[in-house]
Amino acid sequence: MGLRVLKFVLFTWLIFVATAQSEAAFAATQVPSAKHENSKQPESAKSPALWKIVNGKSTVYFLGSVHVLPAGFAWKTPAIDQVIQSADVFAFETNLDFGTAEFDYFMDNHGYLPRGQTLHQLLSPPAREKYFTLVQTMHVDPNRVDYLQPGVAALFLDRTLVAAHASQPLVPGVDDQMSRYAKAHGKQLLYLESLQSQLDVLMKLGGGAGVAVLEKKLLSDDKGGNEYQTMLAAWAVGDLPKLMSMDDMDPKERVLMLDNRNRAWISKIEAMLNTPASYLVTVGAAHLAGPNSVISLLCAKHWKVERIQTGATPSPRACGT
């Protein structure tokens with residue numbers, strides 16, 4: 001599955017939040033400090049990747065996020081807590097305050113097959129057999145899936161697989177916690193793109209190849225939950241090489257989901273760097289790793305990017321250091 005798991009955390013997060021599957025996940029109004037979280041992970045092992053650029057009186061921090069997390073998963077360290085508390089402005093990918101209405105509009109217009117068509121009819125016999133087996137095994141209501149566009153169904157089934165293998169219920173992750181903290185503490189909020197632009201990408205992901213994408217998923221030997229756990233463990237210790245080693249994303253998907261969006265964000269980030277304040281930019285971890293990442297693009301523009309040590313182990317260099 002590789003970076004298709006990161007596709008899951010990029011866009012299933014959107015589906016997860018917009019459809020409000022777990023009301024309990026939205027009860028907290030603050031980011032709990034590191035000492036109040038519950039996790040079996042040793043305290044010394046936690047070190048999510050964090051970067052910093054200083055330009056005069058402006059400081060911009062970058063935190064790679066996992067958009068959905070197991071309930072109670074511990075990810076913060078004292079260094080990260082300090083950055084959270086000191087930030088004046090919190091920046092995120094998009095504003096999900098009105099996510100439910102916009103997502104419903106998207107689904108009504110782009111999420112379902114034309115009347116009279118069903119998903120299983122579009123599949124080859126081997127894929128259809130796997131589809132029915134998966135739906136039955138995961139105890140999914142067929143009516144929730146069989147009328148979806150193939151690309152949307154693939155994301156839905158990704159989420160189902162991950163949730164089924166998770167040791168704890170999945171809840172909205174780092175972005176949601178940070179946003180609620182910022183609102184509770186009267187912090188300024190900024191967004192790098194519109195929700196509609198994310199939905200446009202979601203629509204383009206399927207395109208004419210939606211059935212092929214779904215068939216590939218169904219006929220593969222992926223274990224979504226196991227891949228998610230591997231990705232989560234690598235993210236929690238800031239192991240970017242491990243995250244990138246999982247990369248088997250289709251080049252077209254990578255351009256749509258990551259490369260194009262990364263490039264579009266740079267001008268907004270540079271505007272932050274020229275405005276005196278302390279900013280904390282929280283985006284999906286996949287946007288901050290690899291040769292076309294936000295970090296690499298900023299390095300290429302000769303910004304001095306520093307990788308901050310967030311745990312017991314010294315962090316590797318970023319660029320300009």
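**Close-up views of a predicted model**

**View 1. The lining of the second largest cavity is made up of seven nonpolar residues, one polar residue and no charged ones.** This close-up, like those that follow, comes from a predicted model. If you are setting up a cavity search of your own, the count here is two cavities of 30 Å³ or more.

**View 2. Helix α5 crosses helix α10 at roughly 65°.** Here α5 covers residues 125-137 and α10 covers residues 210-219, and their axes come within 9 Å. Angles of 65 to 115 degrees count as roughly perpendicular, so α5 and α10 are roughly perpendicular to each other. As for handedness, α5 passes α10 in a left-handed crossing.

**View 3. Side by side, here are the residues through which α5 and α10 meet.** On the α5 side you will find P126, A127, K130, Y131 and L134. Their partners in α10 are E215, L218 and L219. Sorted by class, this contact holds six nonpolar residues and two charged ones, with no polar residue.

Terms used. Residues are numbered from 1 along each chain as its sequence is written. This is a predicted model: local features need pLDDT of at least 70, side-chain atom pairs count only at pLDDT 80 or more; totals for chains, interfaces and linings use all residues. Side-chain values use heavy atoms; hydrogens and water are left out. Axes are lines fitted to C-alpha atoms, for helices over the stretch in contact, and angles run from 0 to 180 degrees between N-to-C directions. Helices (H or I, at least four residues) and strands (E, at least two) are DSSP runs, numbered from the N terminus. Angles under 35 degrees count as roughly parallel, over 145 as roughly antiparallel, 65 to 115 as roughly perpendicular and the rest as oblique. A crossing is left-handed if the near helix is turned anticlockwise from the far one by less than a right angle, and right-handed if clockwise. Contact means heavy atoms within 4.5 Å. Ala, Val, Leu, Ile, Met, Phe, Trp, Tyr, Cys and Pro count as nonpolar, Asp, Glu, Lys and Arg as charged, and the others, Gly among them, as polar. On a 1 Å grid over the protein atoms alone, a cavity is a set of points where a 1.4 Å probe fits but cannot get out, and a pocket is an open set with protein on both sides within 12 Å along at least five of seven lines; lining residues have an atom within 4 Å of a point. Grid points are joined across faces, edges and corners, and a volume is the space filled by probe spheres set on the points.
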